[in-house]
Structure formats: structure tokens, C-alpha cells
Amino acid sequence: MKKLLLLFTILLNLLPAHADEGMWTLYNLPQAAYEQMKAEGFEMPYEDLYLSDNAIKNCVVNFSGYCSGVVVSKDGLVFTNHHCGFEAIRSHSTVDHDYMLNGFYAKSQADELPNKGMFVSFMVDQQDITDQIMAAGFEYMSNERREMLLDSIENKMYEEVRAKDSTLTLEIKPFYEGNKYYATTYRKFNDLRLVFAIPKSMGKFGGDTDNWMWPRQTCDFSVFRIYANPKTNGPADYSEDNVPYQPESWAPVAMDGYKDGDFSMTIGYPGSTERYLSSFGIREMRNAENTTRVQVRGLKQEIMKRHMDASEAVRIKYDSKYAQSANYWKNSMGMNKCIDSIGIIQLKQAHEQRIRHYQDSTGYLKDKLDLDLLEKLYSKRYHNMEAFYYYYETFRRTSEIVTRALRANAGSVELQGDPKKPRKQYFVFKDNSDEWDEALDKEVLAALMQNYKERVDQDYHPDFFKTVEKNFGGDFKSYVDYLYKESILMKSGKKIYPAKKEYLNDPAVQMGLDLMSIISELGSDVSAVSDSIDEQERYLCAAKIRMEQDMPHYSDANFTMRLSYGQVGEYLLNGQPSGYYTTAESMVEKMRMGDRIEDYKAEPIMHELLSSNDFGKYLDKETGKMQLCFLTNNDITGGNSGSPMFNGKGELIGLAFDGNWDSLSSDIFFDSRLARCIGVDIRYVLFMMDRWGHADRLIEEIFRK
């Protein structure tokens with residue numbers, strides 16, 4: 001194992017980098033990768049990526065644990081995508097003050113809106129701790145013991161950094177399929193306030209019609225501000241006394257634009273990739289996970305859309321939920337298309353055959369890596385995984401009553417009363433009717449339960465399905481109506497005593513217990529083989545890197561900061577050049593189709609602004625056009641939304657917000673010929689802030705030295 005780790009170190013620091021593919025960690029970016037970046041137009045010193053006080057990493061943030069963002073002013077102003085700020089914008093909206101529909105601009109700092117539960121984190125430090133972990137006998141432990149060891153080391157390191165600086169946090173994550181472990185230190189700010197939001201017609205322009213497609217014209221940005229303790233300039237919970245954060249550095253904005261072939265670099269927090277995954281794992285992903293997600297969400301979204309179209313109040317409640325659901329519904333659909341059209345499973349099989357030959361000829365990992373065993377293990381758990389994904393898509397976060405039932409039975413609601421008198425302890429579900437609609441909720445749940453019954457083996461049917469058959473004639477609609485009417489869990493504000501008979505006999509409580517029993521059974525069946533699968537996948541990753549010693553290897557994404565680099569440029573779309581940017585004219589053409597295509601509707605003022613011949617300083621000097629969105633071959637995935645896109649000088653040229661249709665296989669296979677990152681031009685962002693929002697104070701702040 002020590003020889004394998006030494007090999008990893010050598011490879012990561014000496015191998016030549018290949019542009020366009022790779023999500024590189026910054027603290028140990030191979031010198032060869034940096035030299036390649038310079039050859040392609042990067043002009044900054046190596047230390048200005050990670051090491052220096054003004055390093056680019058210092059202005060890039062983890063945005064609320066699901067997106068990325070960038071600090072753009074000395075007063076803590078943060079740019080991210082509109083869809084990353086979607087829930088914050090929605091939560092402040094009402095029918096009378098619909099910020100989703102009409103946009104929002106805080107004309108003074110006093111008007112900037114706080115957001116409960118949202119945060120940004122800055123990466124402070126990252127280090128390789130693999131040797132420390134392996135020295136404790138990690139390689140020979142069971143998975144359970146490994147988790148205990150990792151928790152112990154993480155807790156110790158966390159306490160050590162907190163002792164030095166109480167504003168810091170630390171986490172340990174696996175890299176290279178668990179062959180390496182890095183510890184990352186963060187500084188987290190919890191007072192994050194909404195400053196500016198474009199109307200949804202622009203921030204989500206194109207909607208599901210254009211999602212994952214090119215060409216794009218979406219003005220996908222929103223603006224927040226970090227607030228800090230007025231005495232320390234450090235993290236603090238929300239307080240009216242907090243003041244704008246003064247960062248160490250911030251990203252300068254470029255107004256000169258870009259041209260075909262220019263260097264482009266994206267830094268952010270890509271969520272998850274599985275490029276080392278075996279052909280057997282990809283087949284499971286295609287058929288058990290993606291196909292299931294597409295089927296269930298398609299059914300759910302049809303019902304949601306119908307109710308949202310009928311009521312503005314319902315639309316406001318579900319705008320964010322629908323967008324989140326639809327995003328990965330279409331992603332899964334596109335990924336399966338790419339898996340088939342590229343032939344990824346066949347490509348992986350051919351590669352695995354090479355690994356077999358390599359193993360036979362060298363004896364590497366003999367008696368450890370067994371591809372035939374790996375295939376059998378995946379086959380053994382396939383139907384369990386398919387049932388698991390049907391369960392997840394049907395019952396997790398799809399209805400209020402199931403959510404409450406699972407929370408109550410899992411003990412994840414706060415108990416009130418005297419802990420010495422358990423029978424008198426109670427909990428209360430607050431009235432959150434502003435977040436969901438009963439008619440929609442009930443129809444979705446009934447439809448998904450019926451769908452689950454028809455598509456999942458009876459072995460994984462919860463016991464309450466028998467009640468539905470016996471007492472309700474198999475009618476899930478009647479059963480769901482009964483639950484909502486009779487269950488104490490739906491009596492918001494009522495004291496609920498979990499130790500009393502009334503609670504234990506409650507129909508929704510019983511439903512929740514049945515669901516927990518099913519997921520426990522599913523989890524047990526899946527975990528019976530998953531540990532062995534993980535071990536074989538880890539060996540497969542090690543064998544691939546050992547066999548390909550003359551090729552670069554970066555770790556899969558795991559929502560830690562990564563750098564990707566490449567160039568601005570087009571690709572072949574249906575056999576024709578795609579163009580590498582879109583213009584105001586192209587957006588106006590789509591807007592004119594708004595009466596036929598709902599996703600292209602926009603307010604008259606937007607027609608007027610984009611039809612103007614006066615774009616002033618926001619016009620591109622090379623093309624003479626108002627450029628809106630652009631393409632690069634930077635390597636991104638989910639979580640990169642809101643990632644800053646830099647030119648060779650480290651200046652901000654845009655925000656990444658999507659990939660093209662041909663990039664949807666990138667989580668498992670990066671096609672450098674066709675995969676593209678789509679960014680919103682920073683000049684388009686500033687144009688809308690200026691000409692639509694009249695946000696003079698923000699424009700001045702961004703360009704203030």
C-alpha cells in the first residue's frame with residue numbers, strides 16, 4: 001500500500017497535464033499543469049493561485065453547500081447564479097411583492113435581506129493526511145472501523161484548528177476512490193444577505209426548453225453580500241449590528257471580453273463525478289438510477305406544473321422545488337442519451353480488458369482486483385438498487401406528510417418539556433403552509449404511491465399498502481385524503497406527545513414506521529454487497545493509474561475546490577460550428593416566440609433593453625455585439641454553478657451556469673471534442689444591473705479600487 005501511495009505522489013506531481021479535462025486541487029497543482037496553463041495564456045505566478053495573500057482561491061466561495069460563488073468587491077459583494085439564489089429569492093416573495101417575477105434591488109445596505117440557513121465558506125488550507133491514516137492500519141480495517149478512525153482523526157484536527165482560530169472548521173474527504181485522504185480547513189460566514197436579483201424571465205430565460213442546451217441567452221446571476229462581526233471582521237450569526245465583510249482579496253472584473261482560443265479558467269466546487277467507475281457501475285447508474293429518476297420525476301412534475309399554472313400563490317411556493325426537480329430529471333435523460341450515443345459502457349469494457357491483460361502480465365493487485373467478481377456483485381444488488389431509487393424518488397422530500405412522519409419517527413424533531421418526564425415531552429410542527437400546497441401535495445403523493453406499487457417488487461412494498469387495499473379498495477387518493485384529515489402530524493401548532501397511545505396509533509405515524517422499515521431492509525440488502533463493490537472499485541482505480549503511468553490523473557469531484565482550464569471556443573453542433581457566444585439579437589428572436597413558448601416570455605422592458613442600439617461600454621469592441629453567454633471547454637459538473645470564469649490575468653469574464661447537452665456524460669466520461677461549459681458574460685450581468693436595475697451604488701462598488 002505504501003508503494004502505491006508513493007506512486008500516486010509521483011504521478012500527481014510529475015505527469016504532464018492535458019488541457020480541457022481535469023478538476024485539479026489547487027494546493028498541489030502539478031507544475032506540469034501550471035506550465036501547460038502558461039503555454040495557453042495564463043499570466044499569473046504559480047503562488048497567486050493558492051499560496052499568496054492575494055491568491056485567487058481567496059475570492060472563490062462555497063455557496064451554501066450546493067453552488068459556487070465569487071467575491072467581487074472590498075465590501076463582500078458576492079456573485080453567484082440566479083438558480084443558486086433561487087430559494088432565497090422565492091422565500092422573500094409574496095403575491096404582493098413577487099421578487100421571483102419582478103426582481104429585487106436593495107437600494108441601500110439597510111434594505112439587503114437576510115437569509116436563514118444560507119452561508120458562504122472560504123477554503124483556508126488543504127493538506128494530504130493519507131500517511132497519517134494509513135499508519136493507523138486503515139488498509140486492514142472493516143469499513144465500520146475505518147469510519148470510526150476517520151471521525152476520530154477529523155474531530156482531533158477540528159479541535160486543533162478551532163483552538164488556534166475559533167472561526168475555522170475542518171473536514172476530511174476521500175480522494176481517488178479512497179486511495180488518498182485530504183483535510184480541508186474552511187472559514188464559514190452565516191450572515192448572507194440578498195442584494196440584487198434579476199426577474200425570473202431573465203434569470204431563468206429558456207427554462208426547461210433550453211436547459212442543458214446551446215445556444216443560451218440566460219442572464220443567470222444573483223448578488224449577495226457577506227456580513228461580519230463589526231469588531232473582528234470575522235464570521236457571526238445574523239445581527240443588525242453586523243457590517244459588510246472586508247475580504248483579503250476580491251476578483252477584478254474584465255470589460256475587454258474574450259475571443260476564440262483565449263485562455264479560460266474556472267474555479268469552484270464541483271459536486272460529484274465518477275470517472276473511475278467500472279462499466280458495471282455505469283450500467284447500474286443508467287438503468288437503476290437515471291431511468292428511475294426520469295420516470296418518477298416526469299410524473300411528479302406534470303402534476304406540479306398543472307397546479308402552478310392554475311395559481312400564482314402555488315407557483316411562488318413551488319418555483320424552486322420544480323426547478324430543482326426538473327434540472328436533474330433532464331440531466332439524467334441527457335446522461336443516458338450520451339451513455340448510449342458515445343458507447344461509454346463499451347469503451348469502459350474495452351479499457352477493463354486492457355487492465356485484465358496488464359494484471360495478468362504484471363501480477364499487480366493479484367488476488368485483490370477481480371473484475372469477474374465485481375460484475376457478479378453488481379448483478380447481485382441491481383434490483384435492490386432499482387427499488388432504492390424508486391423509494392427515494394417517491395417518498396423523500398416529495399410530500400409534507402411523509403416528511404413529517406419520517407422526521408417524527410427518526411427523532412429529528414426537537415422535544416420540549418421536562419426530559420425527566422418522557423410521557424410529558426412533546427414536539428410541535430410549525431405552520432409552514434407558506435411553503436407547500438395541500439391539493440398539490442396530496443395529488444403528487446397518491447400518484448407516486450400508485451406508481452411505486454406498480455413498478456417495485458412486492459418484497460419492498462410497505463405494510464400500509466395492505467391497508468390501502470383492504471380499507472380503501474386500493475385507492476391511494478382516498479387513503480391520502482384520510483391521512484391528511486386524521487393525522488395529528490398535520491395539525492400545525494398542536495402539541496404532539498410521542499409517548500402517548502394517540503401518537504402510536506396515528507395513521508401517518510404508522511405509515512412512517514412502515515417506510516422506515518422498508519428503507520432499513522433495502523439498506524441492509526444493498527450494504528451486504530456494497531462494501532465489496534467499493535473495495536473492488538478502489539482497486540480498479542489504483543490499477544488504472546498504475547497502468548497509465550504516462551498519463552495525468554486527477555481525483556473525482558467531491559465538492560472541494562477545483563481548478564479547470566482550457567480555452568474559449570465553439571464545437572460541432574449537429575455537424576455545424578456552434579459559435580462560441582450569443583448576442584442580444586438572438587435573444588430578441590427568442591423573445592418574439594414567447595406567445596408560443598412560455599420559457600421565452602419576457603417583460604416589454606427586456607425586449608426594449610435588448611433591442612437597443614446603445615449598449616455603451618458593455619458592447620464587445622472586437623465583434624461590435626452585445627454578447628450574452630459564451631462557451632469554454634472547461635471541465636465542470638453540478639456544484640460549479642456560480643463558479644467564476646477567469647481570463648489569463650485572473651480577471652472575471654463570466655459565471656459558469658450550465659453545460660451543453662453533449663456534456664451530460666461528463667460525470668462519468670469527459671468528451672473533450674463536444675463537452676462545453678456555458679457561462680454568462682460578466683458584461684451582460686453588469687448591463688442588466690445598470691440598465692434594468694439602475695444599481696449605480698453596486699456598479700461603483702465593484703469598480704472601486
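Is threonine 582 buried or exposed, as judged by its relative accessibility? At 5% relative accessibility, threonine 582 counts as buried, where buried denotes a relative accessible area under 20%, exposed over 50%, and partly exposed the range in between (1.4 Å probe, protein chains only). The structure is a predicted model, in which local features need pLDDT of at least 70 and side-chain atom pairs count only at pLDDT 80 or more, while totals for chains, interfaces and linings use all residues. Residues are numbered from 1 along each chain as its sequence is written, and side-chain values use heavy atoms, with hydrogens and water left out.

Threonine 582 belongs to strand β16 (residues 581-583); helices (H or I, at least four residues) and strands (E, at least two) are DSSP runs, numbered from the N terminus. Its side chain reaches the backbone oxygen of arginine 216 at 2.7 Å. This is a polar contact, defined as a pair of N or O atoms within 3.5 Å; within protein, one must be able to donate a hydrogen and the other to accept it, and residues adjacent in sequence count only if both atoms are side-chain atoms. With neighbours within four places in sequence set aside, the residues in contact with threonine 582 include Trp214, Arg216, Met626 and Cys629, contact being heavy atoms within 4.5 Å.

Cysteine 219 is buried, with a relative accessible area of 0%, and cysteine 677 is buried, with a value of 0%.

A search of the whole structure finds one disulfide, a term applied to a pair of cysteine sulfur atoms within 2.5 Å. The bond joins cysteine 67 to cysteine 84, with an S to S distance of 2.1 Å. Cysteine 67 lies in strand β2 (residues 67-71) and cysteine 84 in the loop between β3 (77-80) and α4 (86-91), so the pair ties together parts that are 17 residues apart in sequence. The torsion about the S-S bond of cysteine 67 and cysteine 84 is about -80 degrees, and the disulfide is therefore left-handed. Cysteine 67 is buried at 4% relative accessibility, as is cysteine 84, with a relative accessible area of 1%.
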